[in-house]
Amino acid sequence: MGAMSIWHWVIVVVVVLLLFGGRGKLSGLMGDAAKGIRAFRDGLKGDEDKGAVEPPAAGALPRTEPEKDELKR
């Protein structure tokens with residue numbers, strides 16, 4: 001029971017290669033998780049840029065065309 005035969009080692013090597021191999025499922029999942037985290041961070045950075053624009057004052061009415069023209073001058 002203490003010694004492992006050659007078949008035990010073969011099974012262990014096959015499992016390790018399937019999990020951690022170049023095209024293994026686990027390595028693909030970790031790559032997808034990294035892409036998701038990167039997209040999440042980029043999404044958060046985009047929200048900061050939108051927050052820099054001043055929101056309209058509470059209770060302010062929309063400007064009329066003549067008022068917009070005055071502000072442009």
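The secondary structure of this protein comes to 3 helices and 0 strands. From the N terminus on, the elements run α-α-α. The model is predicted. Of the 73 residues in the protein, 3% are buried.

**Overall surface**
- The accessible surface of the protein comes to about 7300 Å².
- Carbon and sulfur atoms account for 66% of that surface.

- Helix H1 covers residues 6–20.
- A nonpolar patch on the surface is formed by Met 4, Trp 9, Ile 11, Val 12, Val 15, Val 16, Leu 19 and Phe 20.
- Together, these residues have about 770 Å² of accessible area.
- One of the patch residues is Trp 9, and Trp 9 lies in helix H1.
- Trp 9 counts as partly exposed because its relative accessibility is 48%.
- His 8 also has its place in helix H1.
- With 42% relative accessibility, His 8 counts as partly exposed.
- The side chain of His 8 makes a polar contact with the side chain of Ser 5, at 3.0 Å.

- Helix H2 spans residues 25–51.
- Lys 45 lies in this helix.
- Four residues, Lys 35, Arg 38, Arg 41 and Lys 45, gather on the surface in a patch of positive charge.
- Lys 45 has a relative accessible area of 53%, so Lys 45 is exposed.

- Side chains of opposite charge can pair when their charged atoms come close.
- Here the partners are Lys 68 and Glu 65, whose closest N and O atoms are 3.8 Å apart.
- That distance meets the cut-off, because a salt bridge needs a side-chain nitrogen of Lys or Arg within 4 Å of a carboxyl oxygen of Asp or Glu.
- Both Lys 68 and Glu 65 lie in helix H3, which covers residues 65–72.
- Lys 68 and Glu 65 are 3 residues apart, about one turn of the helix.
- Glu 65 is exposed because its relative accessible area is 51%.
- Lys 68 counts as partly exposed, at 37% relative accessibility.

Methods
Residues are numbered from 1 along each chain as its sequence is written. This is a predicted model: local features need pLDDT of at least 70, side-chain atom pairs count only at pLDDT 80 or more; totals for chains, interfaces and linings use all residues. Side-chain values use heavy atoms; hydrogens and water are left out. Patches are made of residues with over 30% relative accessible area and no salt bridge: like charges are joined within 9 Å, nonpolar side chains (Val, Leu, Ile, Met, Phe, Trp, Tyr) within 5 Å. Accessible areas come from the Shrake-Rupley method with a 1.4 Å probe; for residues, only the protein chains shown count as cover. Lys and Arg count as positive and Asp and Glu as negative; His and the chain ends are not counted. The place of a charge is taken as NZ of Lys, CZ of Arg, CG of Asp or CD of Glu. Helices (H or I, at least four residues) and strands (E, at least two) are DSSP runs, numbered from the N terminus. Buried means under 20% relative accessible area, exposed over 50%, partly exposed in between (1.4 Å probe, protein chains only). A polar contact is a pair of N or O atoms within 3.5 Å; within protein, one must be able to donate a hydrogen and the other to accept it, and residues adjacent in sequence count only if both atoms are side-chain atoms.
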